[in-house]
Amino acid sequence: MLFSIFFLAAFPFVPVYAWILNLLIIVTFISVMGVRIALKANAVLTFVALRFMVIFIVLSIREIT
């Protein structure tokens with residue numbers, strides 16, 4: 001809401017509710033994109049961790065036998 005007050009001072013012909021709605025949409029979009037990026041990064045890290053676990057298990061079994 002603070003940003004809408006600043007923008008209202010700069011652009012008095014645009015109503016406050018329009019600034020609030022636009023900023024809400026922008027913040028929501030950024031948040032959703034952040035969640036998607038975190039989801040992809042988590043998937044990559046999980047894949048890498050599983051790969052190293054499989055390599056460790058295979059090498060351990062080869063060393064035991």
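Tutor: A helix here is a DSSP run of H or I with at least four residues, and helices are numbered from the N terminus. Please keep in mind that this is a predicted model.

Student: In which helix is Leu-50 found, and is Leu-50 buried, partly exposed or exposed?
Tutor: Buried means under 20% relative accessible area and exposed means over 50%, with partly exposed in between. Leu-50 has a relative accessible area of 46%, so this residue falls in the middle class. The answer is therefore helix α2 for the place, and for the class, partly exposed.

Student: How many helices and how many strands are there in the protein chain?
Tutor: The helix that holds Leu-50 is α2, and helix α2 covers residues 16-64. Counting over the protein chain gives zero strands, and the number of helices is two.

Student: What percentage of the residues of the protein chain count as buried?
Tutor: The protein chain exposes about 6000 Å², and carbon and sulfur atoms supply 82% of that area. A residue counts as buried under 20% relative accessible area, and of the 65 residues the share that does so is 5%.

Student: Which kind of aromatic pair do Phe-11 and Phe-13 form?
Tutor: A pair of aromatic rings is described by the distance of the centres and the angle of the planes. The structure holds two aromatic pairs. In the pair of Phe-11 and Phe-13 the centres are 6.2 Å apart and the planes stand at 80 degrees, which is over the cut-off of 60 degrees, so the pair is edge-to-face.

Student: Which residue forms a tilted aromatic pair with Phe-11?
Tutor: In this tilted pair the centres are 5.7 Å apart, with 35 degrees between the planes. Ring pairs link Phe-11, Phe-13 and this partner into a cluster. The partner is buried, because its relative accessible area is 15%, and its name is Trp-19.

Student: What is the area of the nonpolar surface patch that includes Phe-47?
Tutor: Phe-47 lies in helix α2 and counts as exposed because its relative accessibility is 53%. Together with Val-44, Val-48, Phe-52, Ile-55 and Leu-59, Phe-47 makes a nonpolar surface patch of about 590 Å².

Technical notes
Residues numbered from 1 in each chain as written. Predicted model: local features only at pLDDT ≥ 70, side-chain atom pairs only at ≥ 80, totals over all residues. Heavy atoms only, no water. Patch = residues over 30% accessible without salt bridge, like charges linked within 9 Å, V, L, I, M, F, W, Y side chains within 5 Å. Areas by Shrake-Rupley, 256 points an atom, 1.4 Å probe, with all protein chains shown as cover. Salt bridge = Lys/Arg side-chain N within 4 Å of Asp/Glu carboxyl O. Buried < 20%, exposed > 50% of the residue type's maximum accessible area, 1.4 Å probe, protein only. Phe/Tyr/Trp six-rings, centres within 6.5 Å; stacked < 30°, edge-to-face > 60°.
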